[in-house]
Amino acid sequence: MKTVLITGASSGIGKALVQYYANDNYQVFAFGRDTARLEQLKQLNTNITAVSCDLTDLSQLQQVSTTLPMFDLIILNAGNCEYIDDPVNFDAALFQRVMAANVQSVANCLSVWLKKIKPYGRVAINSSSAQFLPLPRAEAYGASKAALTYLARTLRIDLQPHNIFVSVIHPGFVATPLTAKNTFAMPSILTTEQAALAIVKGLNKGKDEINFPPVFIAIMKFLAFLPRPLWRKLALRML
Ligand SMILES: NC(=O)c1ccc[n+]([C@@H]2O[C@H](COP(=O)([O-])OP(=O)(O)OC[C@H]3O[C@@H](n4cnc5c(N)ncnc54)[C@H](OP(=O)(O)O)[C@@H]3O)[C@@H](O)[C@H]2O)c1
């Protein structure tokens with residue numbers, strides 16, 4: 001039986017991934033914090049083991065990891081989004097929270113779990129299409145996701161001699177509690193099931209970079225290619 005570990009499993013994209021892999025007869029270790037939602041997740045399929053852990057707390061993570069098996073696949077998906085609404089009174093505490101939830105938590109997971117990946121296994125890091133270009137109010141979220149993409153691309157080089165593959169995921173908008181807070185238009189928004197399927201397909205193909213949905217990503221890449229002053233003019237209209 002294949003084994004997969006998924007973080008951010010109690011909600012959104014992570015929950016859909018857990019359901020997909022459990023139905024595909026993987027043994028799934030589902031990490032989240034919300035114990036009530038993790039309990040419900042466990043009831044869905046006997047292949048699911050739910051683990052409650054704050055991934056920003058390294059000692060807690062080490063403690064709950066002692067009995068974990070070796071994994072074919074680890075998907076580091078947990079994350080949070082907060083926006084900078086008042087840039088002049090820059091909120092350093094908000095910035096720290098977002099970097100802790102999105103970046104330091106991934107570093108913690110890597111430090112404890114890379115040794116738990118089977119030879120020729122894979123670690124996938126969920127970044128965001130937000131990292132392709134500077135978006136208004138996304139100083140913290142965008143910076144955290146750009147950091148994750150850089151981290152994944154570098155790790156891919158350094159882990160190759162150790163026979164561990166690395167994928168980085170850049171989703172467009174997906175309807176989850178994280179995006180439910182957004183008050184702006186979210187073009188090409190996907191369901192969590194559609195997002196999970198796109199991720200699974202990319203991972204099955206052994207893709208280094210999993211970008212979706214394709215048209216949205218093409219537009220993001222085109223906008224990132226524009227001269228910066230022109231992009232700034234367009235972005236100011238989004239405020
Ligand atoms: N939705 C989108 O449009 C979109 C687009 C691009 C990228 N992403 C990325 O996709 C990932 C999943 O997002 P989502 O939209 O599915 O959001 P979500 O429904 O809000 O789920 C976030 C998950 O992360 C977990 N989490 C957050 N902080 C944690 C921490 N410190 N320790 C452990 N678990 C923690 C949450 O656990 P609890 O709820 O149990 O605390 C929850 O399971 C995130 O990394 C996000 O940045 C999302």
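Visitor: Which helices each supply at least two residues of the lining of the second largest pocket?
Guide: They are helix 5 (139–159), helix 8 (214–225) and helix 9 (228–236). Helices (H or I, at least four residues) and strands (E, at least two) are DSSP runs, numbered from the N terminus. This is a predicted model, in which local features need pLDDT of at least 70 and side-chain atom pairs count only at pLDDT 80 or more, while totals for chains, interfaces and linings use all residues. Residues are numbered from 1 along each chain as its sequence is written, and side-chain values use heavy atoms, with hydrogens and water left out.

Visitor: Which helix gives the largest share of that lining?
Guide: Helix 9 does, with five residues.

Visitor: What is the volume of the second largest pocket?
Guide: Its volume is about 460 Å³. Of the 24 residues that line this pocket, Leu 133, Pro 134, Leu 135, Pro 136 and Trp 231 are the closest to its centre. On a 1 Å grid over the protein atoms alone, a pocket is an open set of points where a 1.4 Å probe fits, with protein on both sides within 12 Å along at least five of seven lines; lining residues have an atom within 4 Å of a point. Grid points are joined across faces, edges and corners, and the volume is the space filled by probe spheres set on the points.

Visitor: How do the lining residues divide into nonpolar, polar and charged?
Guide: The lining has 17 nonpolar, two polar and five charged residues. Here Ala, Val, Leu, Ile, Met, Phe, Trp, Tyr, Cys and Pro count as nonpolar, Asp, Glu, Lys and Arg as charged, and the others, Gly among them, as polar.

Visitor: On to the rings. How many aromatic pairs are there?
Guide: The count is nine. Rings of Phe, Tyr and Trp (its six-membered ring) pair if their centres lie within 6.5 Å; planes under 30 degrees apart count as stacked, over 60 as edge-to-face and the rest as tilted. The Phe 31 and Trp 113 pair is edge-to-face because the planes stand at 65 degrees, with the ring centres 4.9 Å apart.

Visitor: Where do Phe 31 and Trp 113 lie?
Guide: Phe 31 is in strand 2 (residues 27–32) and Trp 113 in helix 4 (residues 92–113), so the pair ties together parts 82 residues apart in sequence. Both Phe 31 and Trp 113 are buried; the term means under 20% relative accessible area, with exposed over 50% and partly exposed in between (1.4 Å probe, protein chains only).

Visitor: And is Tyr 120 buried or exposed?
Guide: Tyr 120 counts as exposed, at 56% relative accessibility. Tyr 120 lies in strand 5, and its phi is positive, near 70 degrees, in a residue other than glycine.

Visitor: What about Arg 137: where is that residue found?
Guide: Arg 137 is in the loop between strand 5 and helix 5. At 28% relative accessibility, Arg 137 counts as partly exposed. Arg 137 also lies over the face of Tyr 83, 4.4 Å from the ring centre; the rule asks for NZ of Lys or CZ of Arg within 6 Å of that centre and within 35 degrees of the ring normal.

Visitor: Which residues are linked with Tyr 83 into a cluster by ring pairs?
Guide: Phe 173, Phe 184 and Phe 216 are linked with Tyr 83.

Visitor: Lastly, which residues does a cis peptide bond join?
Guide: Phe 212 and Pro 213, with omega about -5 degrees. Pro 213 is placed in the loop between strand 7 (209–212) and helix 8.
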